[in-house]
Amino acid sequence: MMMWSKRRILAGILSASVAWAGFLGAFAGPAQAATVSPVHMAAPAAQKSAAQKSAVGKWHIRNSFFGKNGEDVPLRQGDLKFGYKHIQDKHPEDDTSLIGWIDDTLEDGKYEEDEGSTVVRNRTATGKMFRVVFSEREDEASKDGRPVGIITAFLE
């Protein structure tokens, strides 16, 4: 009788552990564990070119996006004048919101040319306007042959 009770208890513990592990996502497939926009986000780091891997400082690419017409729009680490550092210095936002708003704006926004840069505006889900300004100009200092990319991005 005692042995049967121990088996029931152990079976109950095992069943609860499996259910809890499934709840935590331990058994989730790759598509269930995380979602990434396959159209707009860059390739994994393992597939990046040697020039991109070696980029340091302000030319380091944090994320890559593509515009409506296939424009290459990297978000570089930048400095206080452009890129991620500029955005966080002037218009701080958490990374998840920032990346999502940039992606949505480049995909669905209205594009306008402005003195060598492209300005894209889009309304967020909360009704606020979000603006992305980027340049397709290449700078030899980056040593990767890609455009300067995002100058700034912010909620208006």
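Is Asp 139 counted as buried, partly exposed or exposed, and at what relative accessibility? I looked this up and found that Asp 139 counts as partly exposed, at 24% relative accessibility. I note at the outset that the model is predicted.

**Entry 1: Overall layout**

I began with the protein chain as a whole. I listed five helices and six strands in the protein chain. I then read the elements from the N terminus on and wrote their order as α-α-α-β-β-α-α-β-β-β-β.

I next looked up how much of the protein chain is covered. Of its 156 residues, 33% count as buried. For the accessible surface I noted about 10,100 Å², and 57% of this belongs to carbon and sulfur atoms. I also looked up contacts between residues at least 6 apart in sequence, and 43% of these join residues at least 24 apart.

**Entry 2: Gly 78**

Where is Gly 78 placed? I found Gly 78 in the loop between β2 (72-76) and α4 (83-90).

Leaving aside residues up to four places away in sequence, Gly 78 touches Lys 58, Gly 83 and Lys 85. For Lys 58 I noted a separation from Gly 78 of 20 residues in sequence, but of 4.0 Å in space, C-alpha to C-alpha.

**Entry 3: Salt bridges**

How many salt bridges does the count come to? I recorded nine salt bridges, and I examined some of them in turn.

Glu 112 counts as partly exposed at 40% relative accessibility, whereas Lys 110 counts as exposed at 57%.

I then returned to Asp 139, the residue of my opening question. Arg 137 forms a salt bridge with Asp 139, and their closest N and O atoms are 3.6 Å apart. Arg 137 is partly exposed, with a relative accessible area of 48%, and Asp 139 is partly exposed at 24%.

I next examined the pair Arg 131 and Glu 156, whose side chains meet in a salt bridge at 2.6 Å, N to O. Arg 131 lies in strand β5 (residues 129-138) and Glu 156 in the segment after β6 (147-155), so this pair ties together parts that are 25 residues apart in sequence. Arg 131 counts as partly exposed at 26% relative accessibility, and Glu 156 counts as partly exposed at 40%.

Which residues are linked with Arg 131 in a network of salt bridges? I found that Arg 121 and Glu 156 are linked with Arg 131 in this network.

**Entry 4: A charged patch**

Which residues form a negative surface patch? I listed Glu 113, Asp 114, Glu 115 and Glu 136.

I followed one of these residues further. Glu 113 is found in strand β3 (residues 110-114). I noted a relative accessible area of 63% for Glu 113. Because the cut-off for exposed is over 50%, Glu 113 counts as exposed.

Note on methods: Residues numbered from 1 in each chain as written. Predicted model: local features only at pLDDT ≥ 70, side-chain atom pairs only at ≥ 80, totals over all residues. Heavy atoms only, no water. Helix = DSSP H or I, 4+ residues; strand = E, 2+ residues; numbered from the N terminus. Buried < 20%, exposed > 50% of the residue type's maximum accessible area, 1.4 Å probe, protein only. Contact = heavy atoms within 4.5 Å. Areas by Shrake-Rupley, 256 points an atom, 1.4 Å probe, with all protein chains shown as cover. Patch = residues over 30% accessible without salt bridge, like charges linked within 9 Å, V, L, I, M, F, W, Y side chains within 5 Å. Salt bridge = Lys/Arg side-chain N within 4 Å of Asp/Glu carboxyl O. Lys, Arg positive; Asp, Glu negative; His and termini not counted. Charge placed at Lys NZ, Arg CZ, Asp CG, Glu CD.
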